[in-house]
Amino acid sequence: MSKYVAAIDQGTTSTRCMIFDHSGGVIAVDQREHEQIFPKPGWVEHNPDEIWQRTQSVIVAALEKANCSRTDLAAVGITNQRETAVVWNRKTGKPVYNAIVWQDTRTDKICNELMKDGGQDRFRPKTGLPIATYFSGPKIRWILDNVEGARAAAEAGELAFGTIDSWVAWNLTGGTDGGLHITDVTNASRTMLMNLETQEWDDELLAAIGVPRSMLPTIKPSSGVYGECHGALTGVSLAGILGDQQAATVGQACYSAGEAKNTYGTGNFMLINTSTDLVQSKSGLITTPGYKFGDQPTIFTLEGSIAVTGSLIQWLRDNLGIISTAQESEDLARKVEDNGGIYFVPAFSGLFAPYWRSDARGVLVGMSRYITKNHIARAALEATAYQTREVAEAMHKDSGVELKALKVDGGMVYNDLLMQFQADILGVPVVRPKVAETTALGAAYAAGLAVGYWQNTDEMRTNWQMDKTWEPKMSDDQRDSLYTGWKKAVTRTFDWAE
């Protein structure tokens, strides 16, 4: 049997390749950042060619670090930032425009137009999603409407659309030389173009949003042998694709109804397994496939999506310059006992769950001469915990499941101050696994499952091991008082953008 399984994790700020052994242990990792492009306020773009170059680089470097060759790999899986949209020419392989990132809000006019007939939940019965700038269908429409010649080329069958998984998979399996144009159900479900019941592209949705069917990839299970890779991974089976948050759900071994995880990355994403039940949210969450392994029924989840958490710390570093590394945010925050009465609501891309307010913009409230950069750093970290509580409450309303503990993963879970505050403001233990980068692990699991490297989910579940737990220490009165202040601050973000 081959020794390892590889995962390509193409995220919002960086791309990495991780190589795992059978126990889920990390053998090697290589990671490289790519440019964040901000052409106008509210616009966020990536260069798809740069992403593909970074992908190739990290594959080669990870193999070198693991001191292994491609023949040592049983399979490779892909996980990705989900709603980011790429449109490219099938013959040349060149993007017709930069990738429009999930955080981008330029499609607000398109979304408002779509809402005129049926409101924000017009497509929710079919898609599980509200109409919002977050999702990729309106992004495709914007490219077709604003890039010269794009709509005519799309209608002539010359252009391909994909979320980042499709772009990476197409290039990985040959590109212009027979590359596979595919996606999986988890990514397809984030376009506002897929019917959750049939798990196929929906003609009514395509017509309403204005996207030609010929552009779209074939929808596949999350785990299955799709084809063979070219280049540095020549001959290795591409056998798993999962959107990043669904991949983290798989990596966290949330295989039973009621099991939940929260990923702390550029944004925060909490998912709870609802098994094969397609639960429509009444509390501002979205209904989304969690995974589909081969021919088995699709497992669904309820998801609470938060746009800005880790990227707020990045903003303190890159835009304000009050820290030079993410770790410094914790160092500054520890210099004060509390937030000094301020709240930082980072509605930079509007507010996602549970509000779905594209008119909201970020606010820092409660300022006085007493406030220092230490308080601002603390308020920025606390914002992540407050937003997570809002999503947890919405999940309880929709599912009826009482949160007993929260499994956490992602880069911010190494911030002890944040994790303790998260436990305090939720009033339940917060648990970090030994492999906290569960997104890549989930993609590896999906790929390894397809080729028999792992036999079943029970085998994968035994790999999960606890690393650290934070127990709540805050009194109920203090918890309620702080959270009341947060809710008041959130209302100050509304009705700002026209």
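Trp52 is buried, at a relative accessible area of 16%, where buried means under 20% relative accessible area, exposed means over 50% and partly exposed lies in between, computed with a 1.4 Å probe on protein chains only. The model is a predicted one, in which local features need pLDDT of at least 70 and side-chain atom pairs count only at pLDDT 80 or more, while totals for chains, interfaces and linings use all residues. Residues are numbered from 1 along each chain as its sequence is written, and side-chain values use heavy atoms, with hydrogens and water left out.

- Trp52 has its place in helix 1 (residues 48-66); helices (H or I, at least four residues) and strands (E, at least two) are DSSP runs numbered from the N terminus.
- Not counting residues up to four places away in sequence, Trp52 touches Trp167, Val168, Asn171 and Leu172, a contact being heavy atoms within 4.5 Å.
- The C-alpha atoms of Trp52 and Ile164 are separated by 9.7 Å, although these residues are 112 apart along the chain.
- Helix 6 (residues 164-172) is mostly covered, with nine of its nine residues buried, among them Ile164, Trp167 and Trp170.
- Gly174, whose phi is positive and near 125°, follows helix 6.

**Aromatic rings and charges**

- The whole structure holds 24 aromatic pairs, where rings of Phe, Tyr and Trp (its six-membered ring) pair if their centres lie within 6.5 Å, and planes under 30 degrees apart count as stacked, over 60 as edge-to-face and the rest as tilted.
- In one of these pairs, the ring centres of Trp88 and Trp170 are 5.4 Å apart and the planes stand at 50°, so the pair is tilted.
- Because Trp88 lies in strand 6 (residues 85-89) and Trp170 in helix 6, this pair ties together parts that are 82 residues apart in sequence, and both Trp88 and Trp170 are buried.
- A cluster linked by ring pairs takes in Trp102, Tyr134, Phe135, Phe269, Phe352 and Trp356.
- Arg82 lies over the face of Phe269, at 5.2 Å from the ring centre, and Arg357 lies over the face of Phe494, at 4.2 Å from the ring centre; a charge sits over a ring if NZ of Lys or CZ of Arg is within 6 Å of the ring centre and within 35 degrees of the ring normal.

**An open sheet and a helix packed on it**

- Seven strands form an open sheet in the order 17-18-16-15-21-22-23, with mixed pairing; two strands pair if DSSP finds at least two bridges between them.
- Its edge strands, each pairing on one side only, are strand 17 (286-291) and strand 23 (466-470).
- Strand 15 (residues 260-264) pairs with strand 21 (residues 406-409) in the parallel sense over three bridges, and Asn262 stands opposite Val408 in strand 21.
- Helix 13 (residues 416-426) packs on the sheet, where it touches strand 15, strand 21, strand 22 (430-433) and strand 23, and its direction makes about 60° with that of strand 23; axes are lines fitted to C-alpha atoms, for helices over the stretch in contact, and angles run from 0 to 180 degrees between N-to-C directions.

**Backbone exceptions**

- Most residues other than glycine have a negative phi, and most peptide bonds are trans.
- A cis peptide bond, with omega about -5°, joins Ala353 and Pro354.
- Trp356, in the loop between strand 19 and strand 20, has a positive phi of about 55° although it is not a glycine, and it counts as buried at 8% relative accessibility.
- Asp495, in the segment after helix 16 (476-491), has a positive phi near 60° and counts as exposed at 59% relative accessibility.
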